[in-house]
Amino acid sequence: MSHPSPPRSPAEFFDDDDPRIAYNRVWFNIMRAHRRLLPSIAKALKAEGLADPIWFEILMEVERAGPQGQLMGQLEEILFVPQYALSRHISRLEKEGFLRREHIADGRRKQVLFLTETGTGLHQRIWPTYMAAIQADVAGSMSTDEAYMLSRLMIKLLPGGRDPGRS
């Protein structure tokens, strides 16, 4: 009769001599998962008219901000996108007619983002496609409880250990 092997520690599972390697494993697995999942999810969004998945988040955050608009500087902080990259995305979203920006004349070159009529509700219309793509690529890999656990662990990597999408 075979006896089950005793549970192994994570370091034993990975056969790591140095426990600091665990942090390297986190980084490389985040990057690999991103590279594996992004193409099919991006393709689904592109079919809906969004050239980049970050566009969905930008549109959602601008809509969440309401009629007073979303300050571009705050959007950088919420989405963790550098100013130069965010400006490029905003320019492309403007060109597509999804949003517009206004400059605040306070000497600090602030910009406020607003959805256009075309952009209003766009993220809500696209959400079913986005969710289906995420489900197709992620749901079969883990249970719901594991997904929540992984999400909670990933949030620890964010400033203050909190999800910026939840205020």
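Student: Is Glu 94 buried, partly exposed or exposed?

Tutor: Keep in mind that this is a predicted model. The general idea is that buried means under 20% relative accessible area and exposed means over 50%, with partly exposed in between. Glu 94 has a relative accessible area of 28%, so it is partly exposed.

Student: Okay, and which residue does Glu 94 form a salt bridge with?

Tutor: That would be Arg 101, and the closest N and O atoms are 3.0 Å apart.

Student: How many salt bridges does a search of the whole structure find?

Tutor: Six. One of them joins the side chains of Glu 48 and Arg 125, at 3.0 Å from N to O. Glu 48 sits in the loop between H2 and H3 while Arg 125 is in helix H6, so this pair ties together parts that are 77 residues apart in sequence. Glu 48 is partly exposed at 25%, and Arg 125 is partly exposed at 49%.

Student: What else does the side chain of Glu 48 make a polar contact with?

Tutor: Look at Thr 129: its side chain makes a polar contact of 3.2 Å with that of Glu 48. Thr 129 is in helix H6, and it counts as partly exposed at 24% relative accessibility. Apart from neighbours within four places in sequence, Thr 129 is in contact with Ala 44 and Glu 48.

Student: Now the core. How many residues does the largest nonpolar core have?

Tutor: It has 27, and Leu 50, Ile 58 and Leu 75 are among those with the most contacts inside it. Helices H2, H3, H4, H5 and H6 and strand E3 each supply at least two residues. The largest share, seven residues, comes from H3. For a close-up, pick Leu 75: beyond four places in sequence, the residues it touches include Ile 58, Glu 61, Phe 80 and Leu 113.

Student: What is the strand order in the sheet?

Tutor: E1-E3-E2, an open sheet with antiparallel pairing. E1 and E2 stand at the edges with a single partner strand each, so one side of each has no neighbour in the sheet. Two bridges join E1 to E3, and Leu 71 has Val 112 in E3 as its bridge partner. H3 packs on the sheet, touching E1, E2 and E3, and its direction makes about 95 degrees with that of E3.

Definitions and conventions
Residues numbered from 1 in each chain as written. Predicted model: local features only at pLDDT ≥ 70, side-chain atom pairs only at ≥ 80, totals over all residues. Heavy atoms only, no water. Core = buried A, V, L, I, M, F, W, Y, C linked by side-chain atoms within 4.5 Å. Buried < 20%, exposed > 50% of the residue type's maximum accessible area, 1.4 Å probe, protein only. Helix = DSSP H or I, 4+ residues; strand = E, 2+ residues; numbered from the N terminus. Contact = heavy atoms within 4.5 Å. Polar contact = N/O pair within 3.5 Å; in protein donor to acceptor, adjacent residues only side chain to side chain. Pairing = 2+ DSSP bridges. Axes fitted to C-alpha atoms, helices over the stretch in contact; angles between N-to-C directions. Salt bridge = Lys/Arg side-chain N within 4 Å of Asp/Glu carboxyl O.
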